[in-house]
There are 2 protein chains.
Amino acid sequence: MMELTRKGEYAIRGIVYLASRPADQVCLLSEIAKAVDVPQTFLAKIFQQFSKIGLVRSYRGTGGGFILGRTSDKITLLEVVEAVEGPIIPNRCVTGAGECDRSNACTVHPVWLKVQDQVRDLLNGITLKELSGQ
Amino acid sequence: MMELTRKGEYAIRGIVYLASRPADQVCLLSEIAKAVDVPQTFLAKIFQQFSKIGLVRSYRGTGGGFILGRTSDKITLLEVVEAVEGPIIPNRCVTGAGECDRSNACTVHPVWLKVQDQVRDLLNGITLKELSGQ
DNA sequence: TTAAAAGAAGACTTAATTGGTCTTTTAGGG
DNA sequence: CCCTAAAAGACCAATTAAGTCTTCTTTTAA
């Protein structure tokens, strides 16, 4: 339970590697994929998601590649994980509206809320800077 | 991410219902399934898993059914969840031996360990007694 | 204007989830 | 001793999700 998918694992590996590179120079996807041992085609989609929400900035064409969208101390592990895995929701209960049709009886509800909070807090306290050992 | 599967949801619903019933009388699977609105065939498998690890005790034949394997204050939500969803492991890293072949570089490892600990602690602190409102 | 690179869409494969069915075992009651 | 109620167990099937690869488009520096 609670296992990260490959996608999430790859996402973390990839962006942590990017964070470990000089901040001012673009990094090829092919380089990242090779360095962290992830299928490049898969990593491409992951970085597209990152790009859409500004976690990374992309440059196309010759000399293109990726750089971080913000400095590595301003990007949290929570953002990275949620970018590709979706929001952290231990149970349909905690999503709110109508999802928990048994809400009256659902005594488990508050427990999941607490789990959600704790995990989010913890992941939110970790930045790429720390993870990349800079 | 971190979402419980149906199986986990059903498992909780089912055993919480059982905990809400008189402790000294066996309860039919068909009754539980109907009460918590879960396919009986699916719930059967879940309760078989419960039975194997002693979370519930089963009686076959006429007048058979299920009762809790221990009193409801001695069964935690963690046990229930792990019984059907497997151990709480946010990332292959924390499983130990060889799973994290990149362990040297894996700075994320300790974070997942912390997540694992926190979630396990929290779920371990909740008993069926509380959940069943007794 | 061409080659390098990311963006986008989708096809395909494999694995997990969510059930169902049918047979077997166990136990109680007439 | 048979019949019936109930869980156990072994399969099986549909659906969904995960993971991977392919192909084509768009952008842009040289």
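**Exercise 1. Which residue of β2(B) stands opposite Y59(B)?**

Solution. Work on the predicted model.
- Step 1. Find Y59(B) and look across to β2(B). The residue opposite is G65(B).
- Step 2. Strand β1 of chain B covers residues 56–59, and strand β2 of chain B covers residues 65–68.
- Step 3. Read the direction. The two strands pair in the antiparallel sense, over 4 bridges.

**Exercise 2. Which residue takes a positive phi in the hairpin of β1(B) and β2(B)?**

Solution. 
- Step 1. Go to the link between the strands. The hairpin has 5 residues there.
- Step 2. Check phi. G61(B) has a positive value, near 80°.

**Exercise 3. How many residues of chain A are in contact with chain B, and what area is buried between the two chains?**

Solution. 
- Step 1. Count residues, taking heavy atoms within 4.5 Å as contact. Chain A brings 34 residues, and they touch 34 residues of chain B.
- Step 2. Take the area. About 3300 Å² is buried between chain A and chain B, with 64% of it from carbon and sulfur atoms.
- Step 3. Find the helices. On the chain A side, α1 (6–20), α2 (29–36), α4 (77–85) and α5 (109–124) each supply at least two residues.
- Step 4. Pick the top contributor. α5(A) gives the most, with 8 residues.
- Step 5. Sort by class. The chain A side that touches chain B holds 21 nonpolar, 5 polar and 8 charged residues.

Conventions:
Residues numbered from 1 in each chain as written. Chains lettered and ligands numbered in written order. Predicted model: local features only at pLDDT ≥ 70, side-chain atom pairs only at ≥ 80, totals over all residues. Heavy atoms only, no water. Pairing = 2+ DSSP bridges. Buried area = accessible area lost by both parts, 1.4 Å probe. Nonpolar A, V, L, I, M, F, W, Y, C, P; charged D, E, K, R; others polar.
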